[in-house]
Amino acid sequence: MRTEYLALLALAALTSFTASNTWAQDSQRPEMRAMFVEEQPVLDGDVINDPIWQKLRPSSGFVQNTPDRGLPASQRTELRVAYTFDTLYVAVVGFDDDPAAIVVTDARRDVELDDSDAVLLILDTYQDRQNGFVFGTNPSSRQYDGQVTREGSPGSGSNGGFNKNWDGVWQVQTQRGDFGWSAEFAIPFKTLRYSAHEIQNWGLNVQRNIRRRNETAYWSPLEYQFNLFRVYDAGQLTALAVPAQRNLQFIPYLLSDSSDVGSAGRDHKFEYGFDAKYSITPALTLDLTYNTDFAQVEVDDVQINLDRFNLFFPEKRPFFLENAGQFTVGSPGVIELFFSRRIGISGGGAVIPIEGGARVSGKVGQTKLGLLYMRADELDPSNPADDFAVMRVSQEFANRSSFGGIYVSRKPTGSYADVSEDNQAYGLDGRLGIGKYGLLSGFVAQTATPSLDGEDHAFMLKGEYDSERWAWNLAYTEVAENFNPETGFLTRGNYRSPTAFVMRRIRPGPNRFNLHELRPHVSYRFFDDFDGFKENAFLHVDSHFEFKSSAEIHTGMNFKQDGLNEPFEIYPGVIVPVGSYHNSEIQLVLQSNAGKAFSYGATVTSGGFFNGDRLALSPYLNWRLGDNFSTALEWSRNDVHLDTGDFVTNLGRLRVSWSFTPRMTLQALVQYNDVSDNWSSNLRFSWLRTANTGLFIVYNDLQGFDDYSVAQPNRSLLIKYNYLFDIL
């Protein structure tokens, strides 16, 4: 086996020069050869004194994206890549002439790295120049990872084109010294997905953040409107003789849940279940789940609804988030043919037991494939047992282009089943890259519901352009009256909506105000029903002032029109009557330097509101103490005066986190909502082993403040333990 593998290495050496030159002629992007090593490096963060790393010639030449686009990075950065029979190793040394000024923040897994000195890398393992795996860390050895779909395009699902909730099995260690800091990544090949070719070239880019300068530098230079997710402009890692992996993981869990739910009394239950993962091919994965549970997932952020349209709550459950971008068709948070929160969560937010399911996802050549089947148990007559099925195929082409289709089915089963509630959705979607900056995208969809006949289509067509100086887009969306994706998401139905947006980016160079970038922009959208009645129109005129410290000021004006065919209750006892309402408002946004230990900001909106007036305030405060303690306090207040009544809403949110180590964390989320007059608290302790598995202790408490509260008092204590058995 090893003799065959060494022969592949020899072949890699012979072919790498030709492959490298082809890439260079095509895109003039940097490249480096991945070096095979018999002995693995010692994973302790010490790159400078490790003899294995010092035998390898480093690649440097990082170029600034921010603040001084096109200039060499202010601090030297060295990159080395090596691999053994089963693991890819990446070493980065971030030299720094002022090590004491290195900014280190939160050590929790998957907390954003924007406000810290950091190193991130993206691997385009299929070299399709659209998708990739992201791994990152900061000087406190924080693990940060995720999946990029379609270069992080917002049109790639309800969580956008970057799935931060993907948790792979990998390790990282960092070290600080008088030279600056260094990081060593160890990424097993079986954590990744790639083609079956014996010798491969992968897309690669590496980002370094130097926070005190608000500096972002890349190994493969990017124009300043792009970020690391711009896989199209990544460099190349050549001559990888990757193993023909087989990966089998088994992740069982045990759960103890004690609860006290108002008049229902106390209850205690013991649950068990499992997830399993098997690599059918290096690029195609089978996931199985039984008695699926998500007790460790953070609760939703409370929202207050001051209009008559559906609120959007993003998916947070890990099983549904892995490869989520492969199952998405539509406009994120507006129209989604498949929205996984419809599985296992009722419309009122109640948890519905999931009996189990299966998913196949990955690639066959350049074709992305996604198959999903889930069965949810019955909860009550209004929430019967359901079988869910999704089939998704998408073919990728050059220059960020693709074309695909999707089929989604919900079929009620069990004692409460009603065949008239069967529901299917069908859709086609595509993207066409035009030059380097242009993109044309869209979808067309239809649903089938026995109780609805005709007028069940939806479609969207959008053109975009995004260069260093200009960004604009034009779109048209239409949703018919009976379009009904019951396993999807709609903010509203029965409308036609054109939208337009244009923005100018201006970087003024040296100036006495330390202004980094100015972004004046205008956007317009309106919604008409099919009879021509204008339900909404919104014109937004704004300018963003970003300073070199990363502090920002936004100044804007909104011109609004709201049309009501029927009255609606905006607040208990306050009715907005039928009519057409024309209003304007001013908006001011302040954001301080988030790289500081103490940061703050606020959004202030003041002006007309349904022919009355509204003052909306949303201040926030963030404070951190080293890389262990962080807290965030947010408040949202609306003071509304209407002809039919006055009211005030308040929503408060406090987050506190203490990281004992990068793997052991205590977090608290406390929320107060005075519309329903209740508060909730979510306290979570996690002791992670690998890939977000380990021990979780969760305490939830929901309490009303008076006899009129709509909330049922609810206290629960959950203890969950899951373990990853790496069988193959």
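Which strands each supply at least two residues of the nonpolar patch?

The model is predicted: local features require pLDDT of at least 70 and side-chain atom pairs count only at pLDDT 80 or more, whereas totals for chains, interfaces and linings use all residues. Residues are numbered from 1 along each chain as its sequence is written, and side-chain values rest on heavy atoms, with hydrogens and water left out.

**Stop 1: the surface patch**

Select Phe598, Tyr600, Leu621, Trp623, Leu625, Leu633, Leu654 and Val670, which form a nonpolar patch on the surface with about 730 Å² of accessible area together. The strands β36 (598–609) and β37 (612–625) each supply at least two of its residues, and β37 gives the most, with 3 residues. Strands here are DSSP runs of E of at least two residues, numbered from the N terminus. A patch of this kind joins nonpolar side chains (Val, Leu, Ile, Met, Phe, Trp, Tyr) within 5 Å, from residues with over 30% relative accessible area and no salt bridge; a salt bridge is a side-chain nitrogen of Lys or Arg within 4 Å of a carboxyl oxygen of Asp or Glu. Accessible areas come from the Shrake-Rupley method with a 1.4 Å probe, and for residues only the protein chains shown count as cover.

Now centre on Leu654, which is found in strand β39. Leu654 is partly exposed, with a relative accessible area of 32%; buried means under 20%, exposed over 50%, and partly exposed in between.

**Stop 2**

**Stop 3: the cores**

Select Leu79, Leu88, Phe135, Phe185 and Trp202, the residues with the most contacts inside the largest nonpolar core, which has 38 residues. Elements giving two or more residues to this core include β5 (87–95), β7 (132–137) and β11 (180–188); β11 gives the most, with 4 residues. Apart from this core lies another, of 29 residues, among them Ile335, Ile352, Ala445 and Phe483. A nonpolar core is a set of buried Ala, Val, Leu, Ile, Met, Phe, Trp, Tyr and Cys residues joined through side-chain atoms within 4.5 Å.

**Stop 4**

At Ile335, the bridge partner of Ser331 in β19, turn to an open sheet of 3 strands in the order β18-β19-β28, with antiparallel pairing. Its edge strands, β18 (330–331) and β28 (489–490), each pair on one side only.

**Stop 4: backbone details**

Select Pro67, in the loop between β3 (63–66) and β4 (77–83); the peptide bond from Thr66 to Pro67 is cis, with omega near 5 degrees. Next, Asn214 lies in the loop between β12 (199–210) and β13 (215–218). Its phi is near 50 degrees, a positive value in a residue other than glycine, and Asn214 is buried at 15% relative accessible area. Finally, Asn291 in strand β17 (residues 284–292) has a positive phi of about 50 degrees and counts as buried at 18% relative accessibility.

Technical notes:
Two strands pair if DSSP finds at least two bridges between them. Buried means under 20% relative accessible area, exposed over 50%, partly exposed in between (1.4 Å probe, protein chains only). Patches are made of residues with over 30% relative accessible area and no salt bridge: like charges are joined within 9 Å, nonpolar side chains (Val, Leu, Ile, Met, Phe, Trp, Tyr) within 5 Å.
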